[in-house]
Structures are given as C-alpha cells and as structure tokens.
Amino acid sequence: MRRFVAAAIFMGLAVPAAADTLSDAVAADTPYLVALYKHLHANPEVSFQEVETSARMAAELKKAGFTVTTGVGKTGVVAMLKNGDGPVVMLRADMDALPVTEETGLPYASKKTIQLEGGGSSGVMHACGHDIHMSSMIGTARHLAATKGEWAGTLIVIMQPAEERGGGARDMLADGLYERFPKPAHVIGLHDSATLPTGTLGISDGFVMANVDSVDIEVKGKGGHGAYPHTTKDPVVLASRIVGTLQTLISRELDPQTPAVVTVGAFNAGTKHNIISDAAHLQLTVRSYSDETRQFLIDGIKRIVRGEAIAAGMPEDLMPVVIVADEFTPATYNTPAQTMTIKAAFTERFGEDKVKPYRPEMGGEDFSRYHRADKSIESTLFRIGAVKQSTYDAAGGDPTKLPSLHSSKFAPDPEPTIRTGVEAMVTAARSVLGKR
Ligand SMILES: [Zn+2]
Ligand SMILES: [Zn+2]
C-alpha cells in the first residue's frame with residue numbers, strides 16, 4: 001500500500017493517502033482523464049493522420065513511466081513497462097476519428113474540418129468514441145504503473161491508428177509489433193457501446209464481430225437506344241437479377257444457424273431515360289464469422305453472377321467481373337479461456353447485474369488481427385457502456401432511440417464511462433498478469 005501511494009505521488013497522480021481501493025484511486029484520477037478526453041474530443045484526427053493525438057499519447061505514456069516507441073505502423077505508439085518475470089500482456093486502444101460533422105452541441109464539440117479526397121469538406125468527429133478508449137487506456141497505464149509492486153510481467157500498451165479504415169492493426173504488425181517488442185501471450189481491447197448505459201460492461205467469448213469483405217461487380221452490356229432493347233444486352237436488367245438472386249444465397253443455401261450478411265450498398269448504371277447503358281456497377285459488403293462461411297459467400301456470389309449472366313444470354317466476352325478487395329477485416333474472436341477469466345473478474349468487481357453479454361454483431365474491428373497473426377495469443381475485446389443513464393432510461397432501453405456509433409449526435413457520458421473503462425481494463429489486465 002505504502003509503495004502504491006509513494007509511487008502515485010512520484011507519478012504526480014492526485015491520489016489521496018486514504019486511497020486503498022481501485023475505485024478510489026481511479027476516481028481520484030478521473031478529473032485528469034476527463035480533461036484529457038475533452039481535449040482529444042475537441043481535436044480529432046482521421047485515420048493515419050493521428051499526428052498530434054499520437055504525440056500526446058506518447059507523452060502521456062512516457063510521463064506514466066513507460067518506454068515509448070513512436071511511428072510503429074505510421075502513427076502507432078508502443079509503450080512498454082517491464083516489471084519482472086511474468087506474462088507479456090498487450091492492451092490496445094485506437095486513435096482515429098471519422099469524417100462526421102458533430103451535432104452534439106456539447107461545449108467541447110469538435111469544430112474541425114477536413115478536405116475530402118473526392119472533393120468537398122466535412123467536419124471531423126470522434127463519433128466512434130476512440131477518445132474514450134484512449135483516455136481509459138491512459139488511466140489504466142497510469143494506475144498499473146503506480147501499482148507496479150502488486151503485479152509482475154511485461155505490460156505493453158499500444159495506441160493504434162486507422163481502425164476505421166481497417167489498416168492500423170495490419171500496419172503495426174507489418175512494422176514488427178511482434179518482432180521488435182516482446183510478443184504478447186494476452187491481448188485485451190475495449191470499445192465503448194452506444195446501447196449500454198454507463199457503469200455496465202459487455203463481454204462474451206467466441207466470435208463477437210464479423211469478417212468484412214468489400215466486393216465489386218462490374219456488369220457488362222451492349223448499350224443502345226432504349227426503344228430497341230432487342231438490339232442490346234441490357235446490364236441494368238442483368239444487374240437487377242443478380243441483386244435479386246444474391247438474396248437467396250443466405251436465405252436458401254446457408255445453414256439458417258450461421259450468421260451472414262450480403263448487402264448491395266451501391267447500384268450505379270446509366271445516364272438517361274432512353275439509353276440502354278453499356279455497364280452497371282454493384283458494390284457489396286459481405287459479412288461472416290468463420291473462414292469457411294466467408295469462402296462460401298464469395299464462391300456463391302461468383303457462381304450467381306456467372307449463372308445469371310449465362311441466363312441473360314451474355315457471350316463469354318461480356319461476362320461480369322467480380323472483384324473481391326484484397327483488404328478485408330477478419331472476424332474478432334474472443335478466446336474462451338482468457339475471456340471467461342476476465343468475465344469472472346468483472347463479475348466479482350462490478351456485480352453480476354453490471355456484466356452483460358456482448359451480443360455478437362456483424363460490424364468489423366481490426367483488433368481481430370492481433371490474435372489472427374498468432375492464434376496461440378489469448379484475445380478479448382469487451383464493451384463499456386457509454387450512454388448517460390438518464391438518456392438510456394428516457395429511451396426505455398430501446399437502442400433504436402439512441403444515437404448509434406458513427407452518429408453525429410453520439411455523446412458518451414465521459415466521467416462514468418472513463419471511470420468504468422479504467423477500472424475494467426485494470427481488472428482485466430490484472431486477471432492475466434502475474435501476481436506478487
Ligand atoms: Zn467505428
Ligand atoms: Zn470504433
């Protein structure tokens with residue numbers, strides 16, 4: 001205990017001498033973390049442009065006593081604290097914001113704008129709450145450094161760029177995350193939830209987020225006058241048939257117990273009422289959990305596209321082309337052993353009523369890559385409730401009445417969310433770190 005207080009004073013944390021529990025220590029540090037949160041919220045940076053954010057994170061981690069390496073995977077930060085023999089545990093937060101114009105009306109709302117690649121401009125906002133993740137992670141790093149006498153092992157805290165573009169984890173791994181630094185036996189990440197009230201957590205084992213693939217279909221045709229369809233090969237009709245038949249891939253071919261999504265998000269063709277187009281272009285998002293289902297869907301899309309083109313009488317040289325983007329986000333898998341250990345620790349600390357199931361969803365998270373790069377690594381991503389209790393109550397707990405993640409109106413309740421985030425992340429880390 002004395003060691004903790006002495007270390008805390010050395011670290012410059014405002015920890016009262018009577019602080020003898022995790023909750024008290026975290027509560028004492030929360031004003032610092034909320035101020036950090038508001039700064040990050042007002043100064044968001046989009047994927048791979050997290051220059052100032054990354055510098056601030058590096059400075060905070062250095063101040064907490066970590067050895068810090070910057071520029072890992074472009075703007076990524078790796079901070080290490082070696083603390084005797086024990087497991088290597090890696091904690092991850094993401095840093096990027098989104099091109100969304102904030103409409104929360106908060107005093108610390110972002111006023112930042114950026115030029116978009118395709119022209120025009122947009123506001124920039126931490127609409128996914130990655131500022132909550134960073135603030136909670138800095139609180140966790142400060143607390144674990146201040147209580148070094150109570151645990152053993154090597155703690156690695158990473159601040160990852162570009163989660164929203166799906167390239168940050170990939171680039172940090174490609175830049176030698178597991179070679180230049182000790183390879184972790186355990187990785188843990190957190191994400192805020194726009195559907196859980198503050199003070200609650202979501203955790204489940206198994207798949208919790210999906211494989212995400214982007215697929216383009218270039219439907220070819222033979223254009224001409226809209227009055228003489230018999231002289232053309234109409235790509236709009238063929239593309240429409242493809243869209244219709246794709247709906248049967250999941251409803252008629254896949255085991256009903258297997259989750260999957262095929263959404264045609266874009267259908268572009270033609271210029272004018274009376275012209276039959278030369279081409280139509282479809283853009284799909286394809287979601288699944290297992291590698292097998294992912295392959296089944298991709299193969300099925302290719303087969304349906306070719307089959308419909310044959311049915312439409314397309315010659316071989318006008319066959320549609322299916323392009324599956326190289327870049328995909330793999331499904332996030334929470335390994336059962338570690339996840340159940342963390343869940344038990346959460347239940348003990350927060351009580352059973354605060355620890356909810358993490359309902360698996362079809363969104364994607366590149367946190368998955370840290371486990372996928374070496375499947376012997378135990379991996380857990382959990383959720384922290386971010387919805388103000390009064391807002392949650394007013395919505396009757398109906399998530400459709402609450403602003404979702406990526407909404408311009410998403411406004412986490414910072415104080416209780418970060419407090420729970422730090423307590424939960426410290427608890428999770430301590431459940432797998434060595435004991436003294
Ligand atoms: Zn997001
Ligand atoms: Zn996110």
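In the predicted model, residues 1–10 keep a pLDDT under 50, and this segment has 16 contacts beyond four places in sequence. A pLDDT under 50 also holds over residues 14–19, for which 10 such contacts are present. For the protein as a whole, the average pLDDT is 95, and 95% of the residues score at least 70.

The zinc ion (ligand 2) is coordinated by Cys 128 through SG and by His 130 and His 191 through NE2, at 2.1 to 2.4 Å. Along the chain, the donors of this ion follow the spacing C-x1-H-x60-H. Cys 128 coordinates both the zinc ion (ligand 2) and the zinc ion (ligand 1), which are 3.2 Å apart. Because Cys 128 lies in the loop between strand 5 (121–123) and helix 4 (130–146), whereas His 191 belongs to strand 7 (residues 186–197), the pair ties together parts that are 63 residues apart in sequence. Both Cys 128 and His 191 are buried.

Under "binding site", an unreviewed UniProt entry lists Cys 128, His 130, Glu 164, His 191 and His 406. These residues are spread over 279 residues of sequence but cluster in space, with a largest C-alpha distance of 13.0 Å. Of the listed positions, Cys 128, Glu 164, His 191 and His 406 are included in the lining of the largest pocket.

Glu 164 is located in the loop between strand 6 (151–160) and helix 5 (168–174). Its relative accessibility is 23%, so Glu 164 counts as partly exposed. Beyond four places in sequence, Glu 164 touches Ser 47, Asp 96, Ala 97, Leu 98, Cys 128, His 130 and His 406. His 406 is found in the loop between helix 11 (389–394) and helix 12, and with 38% relative accessibility it likewise counts as partly exposed.

An unreviewed UniProt entry places the feature "domain: Peptidase M20 dimerisation" at residues 214–308. Over residues 214–308 the chain is 39% helix and 32% strand, and the end C-alpha atoms are 21 Å apart.

How values were computed: Residues are numbered from 1 along each chain as its sequence is written. Chains are lettered from A and ligands numbered from 1 in the order in which they are written. This is a predicted model: local features need pLDDT of at least 70, side-chain atom pairs count only at pLDDT 80 or more; totals for chains, interfaces and linings use all residues. Side-chain values use heavy atoms; hydrogens and water are left out. UniProt positions are given in the numbering used here, feature names are shortened, and annotations may be inferred rather than shown by experiment. Helices (H or I, at least four residues) and strands (E, at least two) are DSSP runs, numbered from the N terminus. pLDDT is the predictor's confidence in each residue, from 0 to 100. Contact means heavy atoms within 4.5 Å. Donors are N, O and S atoms within 2.8 Å of the metal (3.2 Å for Na, K and Ca); water is not among the atoms, so sites may look incomplete. Buried means under 20% relative accessible area, exposed over 50%, partly exposed in between (1.4 Å probe, protein chains only). On a 1 Å grid over the protein atoms alone, a cavity is a set of points where a 1.4 Å probe fits but cannot get out, and a pocket is an open set with protein on both sides within 12 Å along at least five of seven lines; lining residues have an atom within 4 Å of a point.
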